Amino acid sequence: MEKKINEKKSLLRQAERVERQPRPRRQHSVFSGILTKIIIILFLIMILACGGFYAYYTITKKLTPKTESNISIVTTQLSLCQELVTAKYHYSDIIAINKKIGLSKSLSLVKYSGVIRIGIPDIVNCDFEIFNEGKSLRIKIPDVEILGNDITGQEVFDENQSIFVPITTDEVFSKIQESKDKTLDELINDGILKEARENAKKVIQSIMLSAGFEEVIVV
């Protein structure tokens, strides 16, 4: 009987010693769980970073070269225009030169023709802005100017000159110049400059739409 009691006590002491011993497996399990969470978090951060970099690279690759390419297109198209004539006016007139000294007099009737050119002397000087992911263009053109008022033909069809009252070449050209200036002033008063500017807007808009832009605003 006493032997059985001693055996029970011995078993209880052994059980107590086992319970007092540390449990390394449980600590290892907790450490492994924390490490796993850290790895997962780092993996997610890496995925987000890679995704952000890829998105930035893709957008930059799409927009930057396209914008640079469109800037080159605009510059090239403008350089091809150079001097842009958007209004021409052909005209002709007859001038009469009368000179009289005493009883002597001279008369000369001269018919001449000319052309007035109005436009932009150097269209490359435009300011422009590309927006809407390279699809739209806003371009500001310079003011139109008188590019030329030139004589294209001249003939004397009636002349009666006295040797005492000669009509000089300078007098003829001076009279023609007065007529040219008068014709130009009349055109300006009739709105030729405004018409030329509107034509310039249409020409530039048409050129840039043909170059591939979906929207072109010319001011």
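I began with Tyr 112, which is buried at a relative accessible area of 1%. Buried means under 20% relative accessible area, exposed means over 50%, and partly exposed lies in between (1.4 Å probe, protein chains only). The model is predicted, so local features need pLDDT of at least 70 and side-chain atom pairs count only at pLDDT 80 or more, while totals for chains, interfaces and linings use all residues. Residues are numbered from 1 along each chain as its sequence is written, and side-chain values use heavy atoms, with hydrogens and water left out.

**Entry: rings**

I looked up ring pairs next. Rings of Phe, Tyr and Trp (its six-membered ring) pair if their centres lie within 6.5 Å; planes under 30 degrees apart count as stacked, over 60 as edge-to-face and the rest as tilted. I found two aromatic pairs by this rule. Tyr 89 and Tyr 91 are stacked, at 6.0 Å centre to centre with 15 degrees between the planes. Tyr 91 and Tyr 112 are edge-to-face, at 6.1 Å centre to centre with 90 degrees between the planes. This second pair links distant parts of the chain, with Tyr 91 in strand 1 and Tyr 112 in strand 2, 21 residues apart. Helices (H or I, at least four residues) and strands (E, at least two) are DSSP runs, numbered from the N terminus. I noted that Tyr 91 is buried at 8% relative accessibility, and that Tyr 89 is partly exposed at 34%. Ring pairs link Tyr 89, Tyr 91 and Tyr 112 into a cluster.

**Entry: the hairpin**

How many bridges join strand 1 to strand 2? I read off 17, and the two strands run antiparallel. Two strands pair if DSSP finds at least two bridges between them. Lys 88 has Arg 117 in strand 2 as its bridge partner. The hairpin of strand 1 and strand 2 has two residues between the strands, and Gly 102 takes a positive phi near 65 degrees there.

**Entry: salt bridges**

Arg 117 is in strand 2 and Glu 83 is in the loop between helix 2 and strand 1, 34 residues apart. A salt bridge is a side-chain nitrogen of Lys or Arg within 4 Å of a carboxyl oxygen of Asp or Glu. Arg 117 counts as buried at 18% relative accessibility, whereas Glu 83 counts as partly exposed at 41%. The structure holds five salt bridges.

Another of them joins Arg 197 to Asp 143, with the closest N and O atoms 3.7 Å apart. Arg 197 is in helix 4, and Asp 143 is in the loop between strand 4 and strand 5 (145–160), 54 residues apart. Asp 143 is exposed, at 57% relative accessible area.

I also looked at Glu 198 and Lys 201, whose closest N and O atoms are 3.8 Å apart in a salt bridge. They are three residues apart in helix 4, so about one helical turn separates them.

**Entry: the core**

Which residues have the most contacts inside the largest nonpolar core? I listed Leu 78, Ile 123, Leu 137, Ile 141, Ile 204 and Met 208, in a core of 32 residues. A nonpolar core is a set of buried Ala, Val, Leu, Ile, Met, Phe, Trp, Tyr and Cys residues joined through side-chain atoms within 4.5 Å. Leaving aside neighbours within four places in sequence, Met 208 is in contact (heavy atoms within 4.5 Å) with Val 74, Gln 77, Leu 78, Leu 137, Phe 213 and Val 216.
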